[in-house]
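Student: I am new to this structure. Please show it to me, and then let me ask about it.

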Amino acid sequence: MNVHGVKAIYRFEMARWGRTLWQSLVTPVITTSLYFLVFGSAIGSRMSDMAGIPFGSFIVPGLILLSVLTQALMNASFGIFFPKFTGTIYEILSAPLSPIETVTAYVGAAASKAVILALVTLATATLFVDVWVAHPLLMLLFLIAISVGFCLLGFAIGIWARNFEQLQVIPLLVVTPLTFLGGVFYSVNAIGEPWRTVTLLNPILYLVAGYRWTFFGVSDVPLWASVAVMAAAILLPLAAIVWVFRTGYRLKS
Amino acid sequence: MSEAVIRIEQLRKAYANGVEALKGVDLDIRRGEILALLGPNGAGKTTLINIVCGIVTATGGQVLVDGKNWLEHFRDARTRIGLVPQELTTDAFESVWSTVSFSRGLFGKPRNDQKIEEILKRLTLWDKRKSEMRELSGGMKRRVMIAKALSHEPDILFLDEPTAGVDVELRRDMWDLVRKLRADGTTIILTTHYIEEAEEMADRVGVIRKGELVALGDKKALMAQMGQRTLKVTLDEPVGEVPTGLSEWNLELDEEGHTLCYRFDSHAEHNGIPQLMRKLDELQIGYRDLATHQSSLEDIFVSLVHEERAA
């Protein structure tokens, strides 16, 4: 096991984050805080409760996830795409690192950033709205699992992407809308058919609902379904990455 | 010296676009030698290096590093190998110090500031250690690439076109460095376009053409084996054209008619020189100097490439 190699990549990726802290931490926290401010403090009091939770509090877990999913994808995909783009990937490919070690380092760093971002956002949320966490340990566990899953997906996208546009397409055109429509702002039970059924087809709904459950102990969907989607969010991209390393797809010629 | 530290067996590579970059190359690289691989662009030199270093997947054949398959034992193999690629690819925002330290860690070595300092000083990069890569000139970046490759103390070093686009001074520095590394026991494989470089540095020379190793040998042996010699006759009086009586020697005029050049095969039983001398006397052509010289690797190289074009 090449521990020094994994550490080197991990540190490199964290240092890159440190250099762009405004873009990668401060900006998403401020953006999310605007939601807390507008939907929580400003108009939250005029909204009715959702599933028995004050509206301002209800939206916090979903908004944290919105920010985490987007940043996890962006960060993890950029982390592997950029060396491919500049050519410095030659060094990673020629290093005595197994695929598992390479993925652990890149995804571990990206997931660490996502978790830190989530916790900072949560801390910021408490400035604007009432938030409580019913299951703190599970909250952290779910957060880590979801971050790892989306960082793995981001890593796979980073290998797949041939240009910067492709790099942006999935986070911005797929994940952001799915998250917005995934019950961040409303309980799925509060909307009528057929939109309720359509919403239930959105996998991100299960992540948002499960994560919200760790805060308030209530969920729109069964907990096992949330856990199953989380497991799938980790296993599917992982399978894709294993295949990439086996075949060298878009990584090696 | 004769022990193969890297053995390349029937190495093949066909790219997805159908280009056959390597057509079954066999090559033994001896411990502690400097091997120069010569070849025109697209001959397969970089592909060969990239397969050994794990950047390109081979279609067939294998590489043995100290007798062990380089994929099954990739950790052993890669820990021992350093690579300086042809392209200057660097992380623009990293400092010299951090990028070189990063490489050391990446290749599994614990942090060792003293070692990094030693390498940076050796490559005259010490003053630039805090500079970001984007602030450096091309020559300086090249030095950093070498420092990165040396950071994990490899005993096999691949230099892919190390002096392409490098000024004369840096080229000389690099040659010195390569010699010092060899003196420390490092095996060095370099590809180059500069014949002068192979001639100056290498113990052995291989020529790659269209994915095949067409010549390989001790530099001197290769030159002797394939080399022609040229006899230069400096005349007392310049001539306008080659005198008619000398046509059977296929002479060429040089230096505005002051010199007659005769190419001959140094291994041929009858090289034609005594007859030529007698004929010059017969025709009463006076000369004041005679010189012969061995053709350079460049001549050999050009003739090999010409052979291929003719084929």
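Student: How many helices and strands does chain B have?
Tutor: This is a predicted model, where local features need pLDDT of at least 70, side-chain atom pairs need 80 or more, and totals for chains, interfaces and linings use all residues. Residues are numbered from 1 along each chain as its sequence is written, while chains are lettered from A and ligands numbered from 1 in the order written. Helices (H or I, at least four residues) and strands (E, at least two) are DSSP runs, numbered from the N terminus. For chain B they come to ten helices and 14 strands.

Student: What share of chain B is buried?
Tutor: A residue is buried if 20 or more other C-beta atoms, placed from the backbone, lie within 10 Å of its own. Chain B has 311 residues, and the buried share is 35%.

Student: Which helix gives the most to the side of chain A that touches chain B?
Tutor: Contact means C-beta atoms, placed from the backbone, within 7 Å. Chain A brings 20 residues and chain B 25. On the side of chain A, helices H1 (3-19) and H4 (89-94) each supply at least two residues. The most, seven residues, come from H1(A).

Student: How do the axes of helix H3 and helix H4 of chain B cross?
Tutor: Axes are lines fitted to C-alpha atoms over the stretch in contact, with angles from 0 to 180 degrees between N-to-C directions. Those of H3 (96-106) and H4 (113-122) of chain B come within 10 Å and cross at roughly 120°. Angles under 35 degrees are roughly parallel, over 145 roughly antiparallel, 65 to 115 roughly perpendicular, and the rest oblique. That makes H3(B) and H4(B) oblique.

Definitions and conventions. Buried ≥ 20, exposed ≤ 12 C-beta atoms within 10 Å, placed from the backbone. Contact = placed C-beta atoms within 7 Å.
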